[in-house]
Amino acid sequence: MPNIPQSPLQDGSAVTDTDLVALLAGKRDVAPGLQPVADVLAALSAEPSLGELAGEARALAEFRRRTVVPVPRRHARRSTAGRTSRLSAKAAAGAAAATLVLGGAATAAFANMLPAPIQRLAHDVIGAPDAPSTTQPVPARGKPTVPGQAASHGTHKSNAKPHNASRHPYRHGRGQPGTGQGQQGQGQGQQGTGQGQQGQGQSGAGHAGQPGAGQPGQRGAGQGRQGNGLGNPHAPGQYGDPHFLWQLGAPHPPATPTARHARPARHTQP
Amino acid sequence: MINEEFASLLAAAQRGSEPAFSRLWRDVNPALLRYLRVIAPGAEEDLAAETWVQVVRGLRSFRGDEQAWRAWLFTTARRRAIDLARHRSRRPEAPLDDVAVAQLPRTEDSAEVALEHLSTAAAITLVSGLPRLQAEVILLRVVAGLDTESVARLLTKSPGAVRVAAHRGLRRLAQLTADTGVTL
């Protein structure tokens, strides 16, 4: 059997973990067999040579370039001015957009082009024309209204405004529930017959006469003389001349045939 | 290691003090070069410079003690070295007459070189003959002064694996020096 010489450290038995930990900690007083290793590790952490410090100027230049260079004031002012101008531009754009929207809305309100609720709101706020009543059917232009239906307004815009003390029939009906005294104009007015005797029946009593009910939406209920029953002044001749109705004592002078565009004067009933 | 003065030096360097930064640089750069000489032989100077550029960029936002500071530096350097190795693998450039000493075959020749030069460079050459992980662990523990946990995080290994690699590397180093009769 060959006798192979072995190094004392070849099997590793001569090196303990304690020695290794001591070596890593930089201790020099280790087992004699590990002294060369301790010398190697000491050489690894020896004092730096000049060559290893040669790059200091380059590193310092980079450090100076990155950290010491101050921000010019001119740039700072410019950036602040830029922010201010951007804010002003945004504010101006917002103001212009708001002006356009409000102006368009006001124009539409005065042209009576808005939906009824919005139109009523505009009527309250900026005095735009009131929205036409939606609860009462509006007969077509030139057609007779069916007797027995509410025909107080007809298609004539000039007569469209109820003669309520309040301009708001809904509020009025809510405010005086159960009065039911109004001449509601339930079609008793012989609409279209040329008589113009609207409001003869006390047809409104049935609507607003619910004591204490006060339901909103009872349009026309109350004391207002809702409609004058003139009917459609533009109706064909077989229903009579609308001017004749006016002569019979209708409270308002009939509008001209183009009176759809005319605005009636506000009437308040004492 | 700077130890007690480190916090004040770092704060001064973050405020722009050149002497403070110079002191930090002088403390770490030699160890950085020795480490890079093992893991990226021939490119240690450039890699160290790139590392410091990156460190200077992030200096103001750095928070930590000296261990964290050194770990940050060596982690940055190691990533630079890995990037360089990838770049070299894609575009290999190896003139036959300009091969670095550390890239030569490292069996007993490294020990012979160490015998001739009892210096730091010789010790680095001797450690370069170890397997890569063992050499890195020994350098990071001894040269960089990092503890086991910091080395484990840097190398993305477990602390146990780092301890095993360190012990194996030291045993291997002891064996090399015993075989060749190296006495530094």
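## Confidence in chain A

Chain A has a mean pLDDT of 60, with 36% of its residues reaching 70 or more. Within this chain, helix α2 (residues 35–44) has the highest confidence, at a mean of 90, whereas helix α7 (residues 205–208) has the lowest, at 40.

Two stretches of chain A call for particular care. Residues 4–13 of chain A stay under 50 in pLDDT, and the model gives them 15 contacts beyond four places in sequence; residues 252–262 of chain A are likewise below 50, with 20 contacts beyond near neighbours in sequence. Where pLDDT is low, predicted coordinates should not be read in detail.

## The contact between the chains

The contact draws 40 residues from chain B and 35 residues from chain A. On the side of chain B that touches chain A, at least two residues each come from α2 (18–39), α3 (44–57), α6 (120–128), α7 (132–143) and α9 (159–180) of chain B, and α9(B) gives the most, with 10 residues. By class, this side of chain B consists of 23 nonpolar, nine polar and eight charged residues.

## Packing of α2(A) against α6(B)

Two packed helices are described by the angle between their axes and the distance between the axes. For α2(A) and α6(B), the angle is about 115° and the axes lie 8 Å apart, and the crossing of these helices is left-handed. From α2(A), Val40(A), Ala43(A) and Leu44(A) meet Thr120(B), Ala123(B), Ile124(B), Leu126(B) and Val127(B) of α6(B), a contact with seven nonpolar residues, one polar residue and no charged residues.

Helix α6(B) is itself mostly covered, with eight of its nine residues buried. The buried residues of α6(B) include Thr120(B), Ala123(B), Ile124(B), Leu126(B) and Val127(B), each of which also meets α2(A); Ala122(B), Thr125(B) and Ser128(B) are buried as well.

## Positive phi values in chain B

Asn3(B), which is found in the segment before α1 (6–14) of chain B, has a positive phi near 65° although this residue is not a glycine. Asn3(B) counts as exposed because it has 7 C-beta neighbours inside 10 Å, and the cut-off for an exposed residue is 12 or fewer.

Thr156(B), in the loop between α8 (148–155) and α9 of chain B, is also a residue other than glycine with a positive phi, here of about 55°. Thr156(B) has 7 C-beta neighbours inside 10 Å and therefore counts as exposed.

Technical notes: Residues numbered from 1 in each chain as written. Chains lettered and ligands numbered in written order. Predicted model: local features only at pLDDT ≥ 70, side-chain atom pairs only at ≥ 80, totals over all residues. Contact = placed C-beta atoms within 7 Å. Helix = DSSP H or I, 4+ residues; strand = E, 2+ residues; numbered from the N terminus. Nonpolar A, V, L, I, M, F, W, Y, C, P; charged D, E, K, R; others polar. Buried ≥ 20, exposed ≤ 12 C-beta atoms within 10 Å, placed from the backbone. pLDDT = per-residue confidence, 0-100. Axes fitted to C-alpha atoms, helices over the stretch in contact; angles between N-to-C directions. Left-handed = near helix turned anticlockwise from the far one by under 90°.
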